[in-house]
Amino acid sequence: MTCDLWTSARDCVRAIEPYLPGKPIEELERELGIQNAIKLASNENPWGPSPRARSALAALDPASWSRYPDGSASALRQALADKLGVSPMAVTVGNGSNDLLELAARAFVGPGDRVVYAQHAFAVYAIVTQAAGGRHVEIPARRFGHDLPAMAQAAADARLVFVANPNNPTGTCEGAGALEAFLQQVPAHVPVVVDEAYREYVASGDYPDTVSWLARFPNLIITRTFSKIHGLAGLRVGYAISDPGVADLMNRLRQPFNVNLAAQVAACAALEDDAFVARCHKENLAGLAVLSEGLTRLGHAALPSAANFVTFEVPRAVRVYQALLREGVIVRPIANYGMPDYLRVTVGTPQENERFLAALARVTERSTASHASAAPR
Ligand SMILES: *Cc1c(COP(=O)(O)O)cnc(C)c1O
């Protein structure tokens, strides 16, 4: 799509590859005239929002909607600070953690500056780099994860580094030793964003407690979100924990009211809901096992995942994706992540997981059958 002003736009903006979101349930149901479609495409929480967040929002007086929210999100930042054992000055809130990824890029990256991230990393890193006019330095993945030593080398002449831990869409996770060694190698003047959107799902005892490292690595920017395990993706709220000086920089750039009233209220309540988080963590581990075993049984190699999704290899992935849509099951093609032969499926409820596996079995059986009759092996 272009327009008369296409050539008037900044070059770096024209070169952005637009983000491809998961297909909304309503859209698929409208297109196919079906009901009961399920979406396992955006790593959302299949158990919905935390019950505490639900009641807090239900109790919110509509009369409050006419006032601007607290622009400094004091209550939420204080609650996060208390929970994390840091100063509220170290906490920056955002309209989703996506907002914070962008603020980091806008604070540190100018035209021509290098930004380092891994092959198969989250698509937003490329977008915010491109929007700032920065140069992409994409370091080839190592067994689908980060090649941290190579990234540390590339960081020497970079202005910003992104590490997703766990990574989306591959589900890989770096342990404390490797990540700490990496931070020791990155020059102190180069900011490193460690994106921990899926941290609450990680079961490994070796997962880094990055907040405890902030005093030693003031160039570390940790981003987290309420979109995933807290089940508040639709409200858009995330946060960064960093050196207060870095928070001050991002605070200058952010929109004055970047986190809306409902999001602030719900996030404060969700933060107290440890029982809900624990339950979702446990359910997710069970779901991961069901999906990985089911996929293996169907002959699809599944990447080991530390998060709430599984990425698996499947021949003719786009056709399988489309066939699954006709079964009312929405998953995520990840060709735009350089993985054209893979699909990513989010862990759902036990019923959703079974429905996905059954649909995949039907779909791939059919396509194998038609393939075999067209070209007998
Ligand atoms: C989902 C996700 C996020 C979270 O995005 P929000 O803007 O907080 O909803 C951040 N990073 C990665 C790698 C993700 O997959």
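User: In which loop is Pro166 found?

Analyst: This is a predicted model. The peptide bond from Asn165 to Pro166 is cis, with omega near -5 degrees. As for its place in the chain, Pro166 sits in the loop between strand 5 (160-164) and helix 8 (176-185).

User: What is the omega of the peptide bond from Asn168 to Pro169?

Analyst: Pro169 lies in the loop between strand 5 and helix 8. The bond that joins Asn168 to Pro169 is cis, and its omega is near 15 degrees.

User: Is Lys23 buried or exposed?

Analyst: Lys23 belongs to the loop between helix 1 (11-14) and helix 2 (25-32). Leaving aside neighbours within four places in sequence, Lys23 is in contact with Leu28, Glu31, Lys39, Tyr321, Leu325 and Ile330. The relative accessible area of Lys23 is 15%, and the cut-off for buried is under 20%. Lys23 is therefore buried.

User: Is Asn43 buried or exposed?

Analyst: Asn43 is placed in the loop between strand 1 (38-39) and helix 3. Its phi is positive, about 55 degrees, although Asn43 is not a glycine. With a relative accessible area of 0%, Asn43 is buried.

User: Is Arg143 buried or exposed?

Analyst: Arg143 also has a positive phi, about 45 degrees, without being a glycine. The loop that holds Arg143 runs between strand 4 (135-139) and helix 7 (148-155). The relative accessible area of Arg143 is 76%, and exposed begins over 50%, so Arg143 is exposed.

User: Which residue caps the N-terminal end of helix 10?

Analyst: Helix 10 covers residues 261-271. At its N-terminal end, a side-chain oxygen lies 2.9 Å from the backbone nitrogen of Ala262. The residue that supplies this oxygen is Asn260.

User: What covers the buried residues of helix 10?

Analyst: The buried residues of helix 10 are Ala263, Gln264, Ala266, Ala267, Ala269, Ala270 and Leu271. Their cover includes helix 3 (51-58), helix 4 (74-84) and helix 11 (274-297).

User: Which residues does Phe356 touch, not counting residues up to four places away in sequence?

Analyst: Phe356 is found in helix 13 (residues 350-374). Its relative accessible area is 0%, so Phe356 is buried. The residues in contact with Phe356 are Leu40, Leu291, Leu295, Phe312, Leu324, Val329, Val331 and Val345.

User: How many Å apart in space are Phe356 and Asp61, C-alpha to C-alpha?

Analyst: In sequence, Phe356 and Asp61 are 295 residues apart. For scale, the C-alpha trace of the protein chain spans about 65 × 55 × 50 Å along its principal axes. The C-alpha to C-alpha distance between Phe356 and Asp61 is 40 Å.

User: What is the radius of gyration of the protein chain?

Analyst: The chain contains 13 helices and 12 strands. For 377 residues the globule rule gives 21 Å, and the chain comes close to that value, so it is as compact as a globular protein of that length. Its radius of gyration is 21 Å.

User: How far apart are the centres of the positive and negative side chains?

Analyst: The protein chain carries 35 positive and 37 negative side chains. The centres of the two sets lie apart by 3 Å.

Notes
Residues are numbered from 1 along each chain as its sequence is written. This is a predicted model: local features need pLDDT of at least 70, side-chain atom pairs count only at pLDDT 80 or more; totals for chains, interfaces and linings use all residues. Side-chain values use heavy atoms; hydrogens and water are left out. Helices (H or I, at least four residues) and strands (E, at least two) are DSSP runs, numbered from the N terminus. Buried means under 20% relative accessible area, exposed over 50%, partly exposed in between (1.4 Å probe, protein chains only). Contact means heavy atoms within 4.5 Å. The radius of gyration is taken over C-alpha atoms; the globule rule is 2.2 Å times the number of residues to the power 0.38. Lys and Arg count as positive and Asp and Glu as negative; His and the chain ends are not counted. The place of a charge is taken as NZ of Lys, CZ of Arg, CG of Asp or CD of Glu. A polar contact is a pair of N or O atoms within 3.5 Å; within protein, one must be able to donate a hydrogen and the other to accept it, and residues adjacent in sequence count only if both atoms are side-chain atoms.
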